[in-house]
Amino acid sequence: MISPEQATIPCTRTSERRGAVANAPCTSYDPRMTPTPLRCLVVDDEPPARDELAYLLSCLDNVEIVALASTARAALQAIAEHAPDLVFLDIHMPGQDGFFVTGELCTMPNPPLVVMATAYDDYAIRAFDENAIDYVLKPFTEDRIAKSVERARKLLHRKGTGAGKDAIDRLMAALSLGRSRACKRVPVEHSGRLLLLSPEEILYCNTENKRVFVHTHRECFPAQAGTTLESLSERLGPELFFRCHRAFLVNLEHVQAVTSWENGRYLLTIKTPEQTEIPVSKANVRELKARLGL
């Protein structure tokens, strides 16, 4: 199995091949023709999802998995090293997420195509469709992955080198549209009914005994059954909220103090009467400092 952190598969770079494709005479796409192997990178912080997607891709003809990555930084390193044609990119990862990766790709002259793994609502999915940007919903299926690969082949055949750049620009516009339309109210359970909390009144969220709890100045509410911190993080977006720890999601507007703790970790003090302290995992300290301008 390919190392997800050190994408070390020996391979030749594809800049020359892409240039040749861009300058070749235009011909119609025929799926019956034997295509050049599509070089893919799989990015997901969860090993089961990453391995499943890699397996499904390996079952397809003329697909080469050049690397696996489990973090945003490892993904960018693998892209620079292996120049894949197509990246299957998980949106939510601890610390820097899939949005960070797509933002960095915008600065590249010839980025790869991107297929997002997402749990976005119908509005955002419609935005992906309208902008010819692909997405896959977890759990993955063989047919859906095959369709994503085929769509990427057609786009690369039509547009050659510029396909990735055009697609990334449309992807960022689609994500912005989906976020602006999405309802970000958070349903919580209270006295036999569901209350809808606005993001601004949420101080932080945490997991305990496999349940998610949402904390406000008023009280602590259990989130609607089936809610996970990952789904809450995607719903609320990165503008206000930060996944500082695998068990905590905090509203940065309600952070009162940051304290250096032990072994390179930090504590966040939340504006509550109890001065609640929340741990920051060592892996997320750099991102926290960047978010707070420290």
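Rings of Phe, Tyr and Trp (for Trp, the six-membered ring) pair if their centres lie within 6.5 Å; planes under 30 degrees apart count as stacked, over 60 as edge-to-face and the rest as tilted. Keep that in mind for the second stop of this tour.

Before you start: this is a predicted model, in which local features need pLDDT of at least 70 and side-chain atom pairs count only at pLDDT 80 or more, while totals for chains, interfaces and linings use all residues. Residues are numbered from 1 along each chain as its sequence is written, and side-chain values use heavy atoms, with hydrogens and water left out.

**Stop 1: the whole protein.** Show everything as a cartoon and you will see nine helices and 15 strands. These are DSSP runs numbered from the N terminus (helices: H or I, at least four residues; strands: E, at least two). Of the 294 residues, 46% are buried, meaning under 20% relative accessible area with a 1.4 Å probe, protein chains only.

**Stop 2: the aromatic pair.** Now select Tyr204 and Phe248. The structure holds one aromatic pair, and here the ring centres of Tyr204 and Phe248 are 6.4 Å apart with planes at 45°, so the pair is tilted. Tyr204 belongs to strand β8 and Phe248 to strand β12, so the pair ties together parts 44 residues apart in sequence. Are these two residues, Tyr204 and Phe248, buried or exposed? Both Tyr204 and Phe248 are buried.

**Stop 3: helix α8.** Next, select residues 229-236, which form helix α8. Its buried residues are Leu229, Leu232, Ser233, Glu234 and Leu236. What covers them? The cover for the buried residues of α8 includes β6 (186-190), β8 (202-208), β9 (211-216), β11 (241-245) and β12 (248-251), judged by contact, which is heavy atoms within 4.5 Å. Step on to Gly237, which follows α8 and has a positive phi, near 80°.

**Stop 4: a three-stranded sheet.** Move on to β13, β14 and β15, which form an open antiparallel sheet in the order β13-β14-β15. Strands pair here if DSSP finds at least two bridges between them. At the edges are β13 (255-260) and β15 (277-280), each pairing on one side only. Neighbouring strands of the sheet are turned by 25° against each other on average, direction ignored. Between β13 and β14 (residues 266-270) there are five bridges, in the antiparallel sense; look for Val258 opposite Leu268 in β14.

**Last stop: helix α9.** Finally, select residues 285-292. This is helix α9, which packs on the sheet and touches β13, β14 and β15. The direction of α9 makes about 45° with that of β14, where axes are lines fitted to C-alpha atoms (for helices over the stretch in contact) and angles run from 0 to 180 degrees between N-to-C directions.

Notes:
Buried < 20%, exposed > 50% of the residue type's maximum accessible area, 1.4 Å probe, protein only.
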